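Good morning, colleagues. Please look at the sequence and the structure on the screen while I speak.

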Amino acid sequence: MKTMKTYELIAPCHFGLEAVLKREIYDLGYEIIKVEDGRVTFEGDAEAICRANIFLRTAERVLLKIGRFHAETFEELFQGIKGISWENYIPKDGKFWVTKASSIKSKLFSPSDIQSIVKKAIVERLKQKYHINWFPETGAEYPLRLFLMKDEVTVAMDTSGDSLHKRGYRTLASKAPITETLAAALIMLTPWKRERILVDPFCGSGTFPIEAAMMAANIAPGMNRSFTAENWTSFINHKLWYEVVEEAEELINTDITVDIQGYDIDGEIVKAARENAKRAGVEHLIHFQQRPVSELRHSKKYGFIVSNPPYGERLEEKEALPKLYTEIGEAFQRLDSWSAYLITSYEKTEHYMGRKADKNRKIYNGMLKTYFYQFQGPKPPKRTHS
């Protein structure tokens, strides 16, 4: 039996959430090679490229590592790139460009210069291999990414295309949306299981409730979108994509009973959240309602609040925060034995919540430094099986 060629795959994620992604990759059955700030590298074959794109909830994208070398000058960069076997990846009509070059603590730092030199070097290599002088670039797209760290160059191809947080269900977003990948990772940081209640009192476009419902129903996040690598038929058999989608379809179980709720004070936003849930195929699993946080009550015990409350980036909103966070605190106190998990950049969260968080995690949401405050309630008693 022919063994499949294995690759090194790099999955970038939000800073501070590497452990969550690492666990996801392990659960898919792949070996972790290394974990760095904001990315996890693992080993996998062509099928792993398809599975990682379709199944990973917390990765931003899946990159295929093509090469790594040391370069302190543009000449070294040129030769290093030219030394890579590009003909194994890019066909004669392939369209290729460097979509992003980032440089940290390296002598080469100008992204535009790096981009044009890399392009030239690849063209030179492919000219020699294909014996042609001109590339039409009318075929499949091969976007490249380069990372320079202390003069070590890592070259990767982007298999995902659009960032993986674009699941395809969110067309309308509220003012300060939280990305789908970040929402999924934060839920995974809590001990929430689908048997337990989950309420988001500031649900906005519904991202937390929708991601929770998709987890509960085992719906793979990348099932309803396409990926750049689907067109890389030179080394990824198209049949693999169909097989992985089939695998994902067999795992879905929407015939479940869950208690997932999303509230927002704005009725239009609640309507948009419902539409998003419908597109995600989980509308029947979530109860959305227009209501303020001051009216948050629930008769059941041991539930979870998971939310991204407003944190007043604008001055006039800032003035409303003490009252708002006091209301969150009061609502939480009424909920006997519940846990609350809030992601916010508001520094006085604990003060107005009326208690110190049991755990607090610093997470960068884009460029914004936020904290994930974890107020843990008691564990529910073990169920006795008769």
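I shall discuss a helix pair, then a loop residue, and finally a strand with its partners.

Please bear in mind that this is a predicted model.

I begin with the helices. Two packed helices are described by the angle between their axes and the distance between the axes. Here, helix α1, residues 18-28, packs against helix α5, residues 180-189, at an angle of about 85°, and the axes lie 10 Å apart. Because angles from 65 to 115 degrees count as roughly perpendicular, α1 is roughly perpendicular to α5. Which residues meet at this contact? From α1 they are Val20, Arg23 and Glu24, and from α5 they are Ala185, Met188 and Leu189. By class, four residues of this contact are nonpolar, two are charged and none is polar.

I turn now to Thr190, which is found in the loop between α5 and β8. Is Thr190 buried or exposed? Its relative accessible area is 7%, and Thr190 therefore counts as buried, the cut-off being under 20%. The side chain of Thr190 reaches the backbone oxygen of Ile187 at 2.7 Å. Beyond its neighbours within four places in sequence, Thr190 is in contact with Phe304, Val306, Tyr341 and Phe372.

My last topic is strand β4, residues 63-70. Of its eight residues, six are buried, so that β4 is mostly covered. Strand β1, residues 7-12, runs antiparallel to β4 and is joined to it by two bridges; Ile10 has Leu63 in β4 as its bridge partner. With strand β7, residues 152-158, β4 pairs in the antiparallel sense over seven bridges. There, the bridge partner of Phe69 is Val153 in β7.

Definitions and conventions:
Residues are numbered from 1 along each chain as its sequence is written. This is a predicted model: local features need pLDDT of at least 70, side-chain atom pairs count only at pLDDT 80 or more; totals for chains, interfaces and linings use all residues. Side-chain values use heavy atoms; hydrogens and water are left out. Axes are lines fitted to C-alpha atoms, for helices over the stretch in contact, and angles run from 0 to 180 degrees between N-to-C directions. Helices (H or I, at least four residues) and strands (E, at least two) are DSSP runs, numbered from the N terminus. Angles under 35 degrees count as roughly parallel, over 145 as roughly antiparallel, 65 to 115 as roughly perpendicular and the rest as oblique. Contact means heavy atoms within 4.5 Å. Ala, Val, Leu, Ile, Met, Phe, Trp, Tyr, Cys and Pro count as nonpolar, Asp, Glu, Lys and Arg as charged, and the others, Gly among them, as polar. Buried means under 20% relative accessible area, exposed over 50%, partly exposed in between (1.4 Å probe, protein chains only). A polar contact is a pair of N or O atoms within 3.5 Å; within protein, one must be able to donate a hydrogen and the other to accept it, and residues adjacent in sequence count only if both atoms are side-chain atoms. Two strands pair if DSSP finds at least two bridges between them.
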